[in-house]
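Visitor: I would like to go through this structure with you and ask what lies behind the words used for it.

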Amino acid sequence: MGGQLPNEELPILESLINIRNRLTALKKDRAEFIKTADVNQLYKDVIKQVAKLNDVRDDKDACNNRLDTTLADVFTLLSLFYLTIGKTKDTPALYSQVASLRQILNHMTESGVYNESDIVPFQTRLATIRQLVQKDTAAGKHPRSMTKLLERQLGECESIARSLHEGLSVLSPELIPVHERLVNIRRKLVALAAKEGSHKAELKPLQEELRKIDSTREDGRFLGPGGMVPSSQAICVSLLEECFEISQEIKANEDSKNVASSLKPIHDRLSQIRTELEGLVLTHRWSLRETDLWNYSLSLQEIDKMRVDGKFLDSEGQRPAGQYILLYLLRRCYGLIYRLLSSSEPVSEELMPIANKLNTVKKCLNEVLKYGGPFSPRDLYPYQLALHQIESMRKDGKFVGVDGTIPEGQAIVMAHLSECHELIEMLKEAMDEQDDEGDDTEYDDDDDVEEPDDSESDDEP
């Protein structure tokens, strides 16, 4: 439960609510592209409120009242706006990625089902984010209050990642292969439980693999070389038992689609969110405005808060069947949001249609070059026309926004444009080589042509 709001923080909360409303209104406006100037102004307004908060609150105080949750909402939304305008490496843009990482790491801690290969990518990403924040701090690009906030969030994520790594360090080397096999089997089982239809054919090999692992135990313990009993038995044994439980639950609830009726609304909502997010993963270059992820994130947080001691309860306070499935869907959705955030390109929303068009032209030209000729100038005309149309949109060598500003992503778009021109030149060279070969062939054929007989022409009237 949040702490009580001091009177001196009330004006700051009111200002932040106003800013959040402005951000939400701007997010909903699809009539025109999001302007960098609007985002910058909202960012300055937020920083002013953070500075006021720092003045009235001791930095050492650990608070979690309504102002803190509102501030977190504002920073998350603002972060998504920074991604939308293409400033993906700026400190504010990194906030939403760090928040998404923390959600995933917390769920990994809760489940206890992970291996070394799961943690490493997150540690690598956190290290990259820290380098970007340090670079901004050294350059004085953003107020210290902003970089300090993100450093604190980063520190919390790094601490969770270290704890996860330490949790694996207790595993004896002899049991690491067994643990990794069990982690992979459990993932497959939970993913299987979330699928519609019959699972008998897919479930059988997983159950057989579990039995093989179980058969390696003696007196309920896994043994190492020479009959030794490695430490950390409890981790692997509990994971094995949990895998058997899930497989039995899948088998027992085959006809009831594995989810109790009381949890069906949550299941349907999570399934819908997952389907929409998976669609965005495939089409994000053309259809995603990063600020749209806010609604998905908010829905997932609301569902996550419905859990009691990590479980979903029914109206009678019981824990119905299907917990594994709901948690799988919830974590799958968090993972998809993180994937979309981390794949955001440093190109503004305004330039994205041009970047996408150039990407399409480049792919087509590569395919034409790959499969070879013969080519003709007519074949290249559509691509040259498309490039000419894009070139004509530039002013003084740059793509200019509707408000006269220079949107983010100029270098990337220009790189795509240059690659397209290079491919066109390569295809022209291929056409010239074809023409030369054609000329040689015609010359050889001419040698075989017979000269007309003059005597025949004399007979003509």
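Visitor: Which residues does Thr36 touch, not counting residues up to four places away in sequence?

Guide: This is a predicted model, in which local features need pLDDT of at least 70 and side-chain atom pairs count only at pLDDT 80 or more, while totals for chains, interfaces and linings use all residues. Residues are numbered from 1 along each chain as its sequence is written, and side-chain values use heavy atoms, with hydrogens and water left out. With that said, Thr36 touches Ile85 and Lys87, where contact means heavy atoms within 4.5 Å.

Visitor: Why does Gln103 count as buried?

Guide: Buried means under 20% relative accessible area, exposed over 50% and partly exposed in between, with a 1.4 Å probe and protein chains only; Gln103 has 18% relative accessibility and therefore counts as buried. Leaving aside residues up to four places away in sequence, Gln103 touches Gln301 and Tyr334.

Visitor: What makes the charged end of Arg217 count as sitting over the ring of Phe222?

Guide: The definition asks that NZ of Lys or CZ of Arg be within 6 Å of the ring centre and within 35 degrees of the ring normal; the charged end of Arg217 sits over the ring of Phe222, 5.8 Å from its centre.

Visitor: How do the residues of the lining of the second largest pocket divide?

Guide: They divide into 13 nonpolar, 3 polar and 6 charged, where Ala, Val, Leu, Ile, Met, Phe, Trp, Tyr, Cys and Pro count as nonpolar, Asp, Glu, Lys and Arg as charged, and the others, Gly among them, as polar. Lining residues have an atom within 4 Å of a point of the pocket, which is an open set on a 1 Å grid over the protein atoms alone, where a 1.4 Å probe fits, with protein on both sides within 12 Å along at least five of seven lines.
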